[in-house]
Amino acid sequence: MECTFHDRLSTRIMGSSSFCIWLLLIFSVISSNVLTVYAFQGNYGVNYGMLADNLPSPGSVVTLLKAAKIKNTRIYTADHEVLKAFNGSGIEIIVGLGNQFLTEMSVGEDPAMDWIKDNVQPFLPGTRIVGIAVGNEILGGDDHELWEVLLPTVKNVYSALEKLGLTKAVQVLSPHSEAVFENSYPPSSCVFKEDILVYMKPLLQFFSQAGSPFYINAYPFLAYKVDPVTIDINYALFKSNKGIHDPKTNLHYDNMFEAQVDAGYAALEKAGFPKMEIIVSETGWPSKGDDNEPGASVENARAYNHNLRKRLAKKKGTPYRPKLPMRAYIFALFNENLKPGPTSERNFGLFKPDGSIAYDIGFTGLKDSSGPPSPVPFQVLGAYGWVGSSCTLLLTACITLLLLVSDS
């Protein structure tokens with residue numbers, strides 16, 4: 001039978017409609033992920049502390065990070081000048097909700113909502129804020145009143161994000177020190193301290209439901225500082241050494257960093273959270289220290305950070321979690337001259353305040369720390385790069401096809 005114009009048109013419409021349906025399905029899948037920002041790109045990040053009176057401008061810091069190809073950073077406040085400077089950079093950033101705010105935030109959702117509306121929401125999506133760190137090293141610290149308010153604060157912050165439709169974009173987390181552990185040697189023996197577990201377990205339960213990893217500050221330097229006689233410094237610095245053997249798991253460790261991470265996994269497993277991922281929120285080595293801080297030197301700082309960077313770049317896991325690549329934020333971007341405490345606290349920086357390198361681990365320092373930031377190559381595409389552009393192209397193609405069919 002001869003095909004009529006009407007039949008041909010119907011066939012064209014059906015074919016075009018089917019194609020458009022496929023396009024729209026692809027679009028829906030892509031667009032559903034546009035608001036989902038993973039809290040870590042790759043395996044390497046850096047903590048950008050600002051307790052100093054001689055640091056480069058935030059714009060210059062963006063230039064420095066982009067030159068070093070560092071895509072993840074964490075700040076300890078919600079500094080608006082920093083958040084503005086990071087707009088369009090593509091660098092993912094975790095902002096800190098300071099310990100001093102926790103008591104106020106714990107009483108209800110409104111204070112958390114106000115804080116987010118002031119310090120997070122206005123900067124999205126141009127500034128890629130991917131996490132809010134609620135407090136720092138609360139459990140295991142000396143202020144037991146903060147132990148009580150940590151979980152209520154976390155819940156209120158998450159609830160506020162949920163009402164604003166931001167839970168897929170902004171993760172809620174809370175970094176811990178190794179003081180939360182009863183012991184960590186050998187790694188398989190690690191458990192949370194009993195008095196802390198009462199608070200830790202419900203916190204972990206909430207983070208498990210929210211999909212947040214366990215963030216731990218792991219410092220081989222601090223362990224070596226306490227016991228330099230027993231601990232082989234080569235073991236702490238990723239250098240050649242005989243390592244340790246864990247008799248329970250029959251695993252061998254040739255560096256303390258991975259042993260500390262696996263100790264965390266052992267504690268999580270015993271607490272009932274064997275599938276929770278660990279991200280190291282702080283680790284580093286100082287280039288200078290006091291007389292009673294053995295190991296604090298430029299040579300050791302360079303060795304630790306260089307070897308750690310190489311280890312993370314392999315995208316491999318720990319002996320106990322070999323299929324889960326290690327991810328870590330290095331402490332810190334700069335030496336901070338206003339930090340209290342021993343000399344080491346002011347000398348963890350990969351870079352000096354003028355933007356030059358503190359020691360060579362493969363990064364390039366700023367040529368001119370007072371200059372403006374370099375242009376952002378993907379600024380036109382927005383904070384979500386090719387994803388937003390692809391969505392636009394798909395929609396345009398679909399609409400064009402429908403118009404062509406209707407004109408026929």
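So, which residues lie nearest the centre of the largest cavity? Before I get there, a word on the model: it's predicted, local features need pLDDT of at least 70, side-chain atom pairs count only at pLDDT 80 or more, and totals for chains, interfaces and linings use all residues. Numbering starts from 1 along each chain as its sequence is written, and side-chain values use heavy atoms, with hydrogens and water left out.

Okay, the cavity. I mean a set of points on a 1 Å grid over the protein atoms alone where a 1.4 Å probe fits but cannot get out. Searching the whole structure turns up one of 30 Å³ or more. It holds about 60 Å³, where volume is the space filled by probe spheres set on the points, joined across faces, edges and corners. Lining residues have an atom within 4 Å of a point. There are 13 of them, and V261, I278, T318, M326 and R327 lie nearest the centre.

Helix α10 (256-271) and strand β11 (278-283) each give at least two lining residues, with α10 making the largest share, three. Those labels are DSSP runs numbered from the N terminus: helices are H or I, at least four residues, and strands are E, at least two.

Now over to β1, residues 44-47. Y44 and V46 point one way, G45 and N47 the other, and all are buried, that is, under 20% relative accessible area with a 1.4 Å probe, protein chains only. β1 pairs in parallel with β12 (residues 328-330) over three bridges; pairing takes at least two DSSP bridges. Y44's bridge partner there is A328.

Note on methods
1 Å grid on protein atoms, 1.4 Å probe; cavity = no way out; pocket = protein on both sides within 12 Å on 5 of 7 lines; lining within 4 Å. Buried < 20%, exposed > 50% of the residue type's maximum accessible area, 1.4 Å probe, protein only.
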